[in-house]
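Colleague: I am new to this structure and would be grateful for a guided reading of it. May I put some questions to you in turn?

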Amino acid sequence: MSIARFWRETPRRYNLGGSKCTNCGTVYFPPRSVCPQCTHHRQSIEKMVRSQLSGEGEVLSYTVVHEPAEGFEMQVPYVLALVKTPEGPVLTGQVVDVRPGEVRIGLKVRATFRKLREEGKSGVIHYGYKFSPVEETNGGLPARGPPVPAPESLERPRSAAGA
Ligand SMILES: [Zn+2]
């Protein structure tokens, strides 16, 4: 399969494609066909346009999940967060590539597409968005800091200090 064809056939859920009400400016994700804020006055009919979310956001609140949902057994503890996007919608998703203790309110994150879960019997793999921290305060160093020396390198006897 060609790359172009692959992308054409990529389901829309791989994109953060929302919708925007051009009447009041509210952005929705998942996309809506009418605007709840405007429908009372029928102002949003024919006023909804596609609106792509940037994938940027910041953690509004989060919880560390220790009891796994079915299909998440290999991933506990994991962090489930509400992420406020600059476009407006608040998304729910798992925060990955970070230790649970490092997640905080206000953490800048970016949506990334990952394997979400695998159904045990059928083996069907679900993909969707998760959030990964956007490092901006450490000058581009790896999020987890320098590697820790292996214990044996600390305990190796010095050749000059032989008995
Ligand atoms: Zn509206």
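**Overview and confidence**

Modeller: Of the 163 residues of the protein chain, 29% count as buried. Please bear in mind throughout that this is a predicted model.

Colleague: In which pattern do the helices and strands of the protein chain follow one another along the sequence?

Modeller: The secondary structure of the protein chain comprises two helices and eight strands. Read along the sequence, these elements follow the pattern α-β-β-β-β-β-β-β-β-α.

Colleague: What average pLDDT does the protein chain have, and over which stretches is the pLDDT under 50?

Modeller: At least 70 is the score of 65% of the residues, and the chain average is 76. Where pLDDT is low, the predicted coordinates should not be read in detail. The pLDDT is below 50 over residues 136-146, a stretch with five contacts in the model beyond near neighbours in sequence. It also stays under 50 over residues 6-13.

**The zinc site**

Colleague: Which arrangement do the four donor atoms around the zinc ion adopt?

Modeller: The protein donors are the SG atoms of Cys-21, Cys-24, Cys-35 and Cys-38, lying 2.3 Å from the zinc ion. Four donors count as tetrahedral if all angles lie between 85 and 135 degrees. The angles here are 105 to 117 degrees, so the arrangement is tetrahedral.

Colleague: How many residues apart in sequence are the parts that Cys-21 and Cys-35 tie together?

Modeller: The donor residues of the zinc ion are spaced C-x2-C-x10-C-x2-C in sequence, and both Cys-21 and Cys-35 are buried. Cys-21 belongs to strand 1 (residues 17-21), whereas Cys-35 is in the loop between strand 2 (27-28) and strand 3 (48-52); the pair therefore ties together parts whose separation in sequence is 14 residues.

Colleague: What form does the peptide bond from Phe-29 to Pro-30 take?

Modeller: Pro-30 is located in the loop between strand 2 and strand 3. With omega near -5 degrees, the bond from Phe-29 to Pro-30 is cis.

Colleague: Is Gly-57 buried or exposed?

Modeller: Gly-57 is placed in strand 4 (residues 56-65). Beyond four places in sequence, Gly-57 touches Val-83, Lys-84, Thr-85, Pro-86, Leu-107, Lys-108 and Val-109. A residue under 20% relative accessible area counts as buried. The value for Gly-57 is 8%, so this residue is buried.

Colleague: What is the relative accessible area of Asp-97?

Modeller: Asp-97 lies in the loop between strand 6 and strand 7. Its phi is near 65 degrees, a positive value in a residue other than glycine. Asp-97 is partly exposed, and its relative accessible area is 36%.

Definitions and conventions:
Residues are numbered from 1 along each chain as its sequence is written. This is a predicted model: local features need pLDDT of at least 70, side-chain atom pairs count only at pLDDT 80 or more; totals for chains, interfaces and linings use all residues. Side-chain values use heavy atoms; hydrogens and water are left out. pLDDT is the predictor's confidence in each residue, from 0 to 100. Contact means heavy atoms within 4.5 Å. Donors are N, O and S atoms within 2.8 Å of the metal (3.2 Å for Na, K and Ca); water is not among the atoms, so sites may look incomplete. Four donors count as tetrahedral if all angles lie between 85 and 135 degrees; four count as square planar and six as octahedral if opposite donors are over 155 degrees apart and all others between 65 and 115; anything else is irregular. Helices (H or I, at least four residues) and strands (E, at least two) are DSSP runs, numbered from the N terminus. Buried means under 20% relative accessible area, exposed over 50%, partly exposed in between (1.4 Å probe, protein chains only).
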